[in-house]
Amino acid sequence: MAKIIDKFMGWVEKLVTLLLGLEVVTIVAQIFFRYILKDPLNWSDQACRFGLVWIIMLGFPVMFNRKATVCFDLIFAKTKGKLKKIFEMFFALCTLFFAVTFLLCAIQYVQKCGAQSVPGFPFLKFWMLYGAEIVCAALLCIVMLKELALHVIALIKG
C-alpha cells in the first residue's frame, strides 16, 4: 500500500513540476506581450493565480510524503528509540487531524461559493480554484494515514 501511495505522489510531484513550468512560460509570454508587443494578454494574470494556488496545494502533500517538512527537530534530536517513534506518531496524528479538519472546511467553502464566476472570466468558476484545497486535504489525509500505518507497524515489530 505504501509503495502505491508513494508512486501516486510521485505522479502528483510530476504534475506540480509541469504546472510550475507552465507558470513560467505564461509569465514570460505575458512579459513579452506586455512590454515588447505592447498588447498584454488578458488571461495570463488569472491563469497564474490559479496555477500558483494549485502548485502550492498539490505541493503540500508531496512535501509531507517526502518528509521534507520543518518539524520539531529539537525533540527528535534529543529522543531515541520508542519515545522518538511515539513522538513521530503523535505529530502524524496531529497532522491527520489538521488534514481532516481542512478537508471538511474546504468542502463547505466550495459548496458555499464554488458556483460563483471569477470576475472577468464568466466561464471560470471558483470551485476550479478552491477545489485545490479539497484535493490537497484529501491527499494529505492519505499520506498521513500511510505514515501512521508505518509507525504502528514499526512499533509492533519493536
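Aromatic pairs and a nonpolar surface patch

In this predicted model, rings of Phe, Tyr and Trp pair if their centres lie within 6.5 Å, and by this rule there are seven aromatic pairs. One of them joins Phe-60 and Phe-64: the ring centres are 5.2 Å apart and the planes stand at 75°. Planes over 60 degrees apart count as edge-to-face, so the Phe-60 and Phe-64 pair is edge-to-face.

Both Phe-60 and Phe-64 belong to helix α2, which covers residues 44–65. They are four residues apart, about one turn of the helix. Their exposure falls into separate classes, for which the cut-off is 20% relative accessible area for buried and 50% for exposed. Phe-60 has 26% relative accessibility and therefore counts as partly exposed. Phe-64, at 17%, counts as buried.

Phe-98 and Phe-102 also form an aromatic pair, with 5.7 Å from centre to centre and 15° between the planes, and this pair is stacked. These two residues lie in helix α4 (residues 81–113). Because Phe-98 and Phe-102 are four residues apart in that helix, about one helical turn separates them. Phe-98 has a relative accessible area of 41%, so it is partly exposed.

Ring pairs also link Phe-87, Phe-90 and Phe-91 into a cluster.

The surface has a nonpolar patch as well, formed by Ile-27, Ile-31, Phe-32, Tyr-35, Ile-36 and Leu-37. Together these residues have about 610 Å² of accessible area. Tyr-35, one of the patch residues, lies in helix α1 (residues 2–36). Its relative accessible area is 55%, so Tyr-35 is exposed.

Notes: Residues are numbered from 1 along each chain as its sequence is written. This is a predicted model: local features need pLDDT of at least 70, side-chain atom pairs count only at pLDDT 80 or more; totals for chains, interfaces and linings use all residues. Side-chain values use heavy atoms; hydrogens and water are left out. Rings of Phe, Tyr and Trp (its six-membered ring) pair if their centres lie within 6.5 Å; planes under 30 degrees apart count as stacked, over 60 as edge-to-face and the rest as tilted. Buried means under 20% relative accessible area, exposed over 50%, partly exposed in between (1.4 Å probe, protein chains only). Patches are made of residues with over 30% relative accessible area and no salt bridge: like charges are joined within 9 Å, nonpolar side chains (Val, Leu, Ile, Met, Phe, Trp, Tyr) within 5 Å. Accessible areas come from the Shrake-Rupley method with a 1.4 Å probe; for residues, only the protein chains shown count as cover. A salt bridge is a side-chain nitrogen of Lys or Arg within 4 Å of a carboxyl oxygen of Asp or Glu.
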